[in-house]
Amino acid sequence: MAGRGGVENDKWNGFVPPQCRPNPSILRLSAQLTWSEAAEPLHADIDVDRVCGVGPGMSFANAIKSKDPKLGVVGLVPCAVGGTKIAQWARGTPLYNQMVSRATAAVKSGGTIRALLWYQGESDTVVQADAETYRTNMEKLIGDIRTDLNNPSLLIIQVALASGEGKFVDTVRSAQLGITLPNVKYVDAKGLDLKTDHLHLTTTSQVRLGSMLADAFPASQ
């Protein structure tokens, strides 16, 4: 989710596909909780221990703007940190607390949180116990974030894994696809092209994933 498209040998090549280019009506919330025009790499000041490149966020935002002319300013609130297990996002953890505080700050001056995009789980494919408890942990996370944001029907769009760090990818994928909570949708990344590390999506795949996420996002009422 943080975006590794175009990152090779710990350096981003700087290539921004047309679908990911800035738009004055697409903003991002910085690590300092200030709004500015969004641009790749979206997570550069959030996932600070890794090199960030192209992710699905800008492609998603441009696609929903194209699909829905009535949509006003889109605010992206990047929170992703790569290489993390879902247990690290449980209520009360630093990552969870940061996500809630950033989401809360995003609507302090107005606006509505329309959806949470969730692409995570590769690190939960290494240990069987992590994979087997993924569904329970994800369902609890959904309930907790909806409660803490006072948004009981918040749309969650999760991405079913395309890859993983271990051998329990299918177990995590089954957990993701088995969640039946209300207003939880998923898009399937399986089959999208991977980089040579056989783990992260290529830039082209990130653009495609953003479009898939946009297709799952409802138009304005």
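Let's begin with an open sheet in this predicted model: three strands lie in the order β6-β7-β8, and their pairing is parallel. Which strands stand at the edges? They are β6 (115-118) and β8 (184-188); each has a single partner strand, so one side of each is left without a neighbour in the sheet. Ignoring direction, neighbouring strands here are turned against each other by 20 degrees on average.

Now look at one pair in detail. Strand β7, residues 155-160, runs parallel to β8, and the two pair over five bridges. To find a spot where they face each other, look for Gln158, which stands opposite Tyr186 in β8. As background, strands of a sheet pair through backbone hydrogen bonds, in either a parallel or an antiparallel way.

Strand β3, residues 26-29, pairs with β4 in the antiparallel sense over three bridges, and Arg28 stands opposite Ser36 in β4.

Finally, step back to a longer stretch. An unreviewed UniProt entry lists residues 1-217 as "domain: Sialate O-acetylesterase". In the model, the end C-alpha atoms of residues 1-217 lie 17 Å apart, and this span is 30% helix and 13% strand.

Definitions and conventions:
Residues numbered from 1 in each chain as written. Predicted model: local features only at pLDDT ≥ 70, side-chain atom pairs only at ≥ 80, totals over all residues. Heavy atoms only, no water. Pairing = 2+ DSSP bridges. Helix = DSSP H or I, 4+ residues; strand = E, 2+ residues; numbered from the N terminus. Axes fitted to C-alpha atoms, helices over the stretch in contact; angles between N-to-C directions. UniProt positions renumbered as here; feature names shortened; annotations may be inferred.
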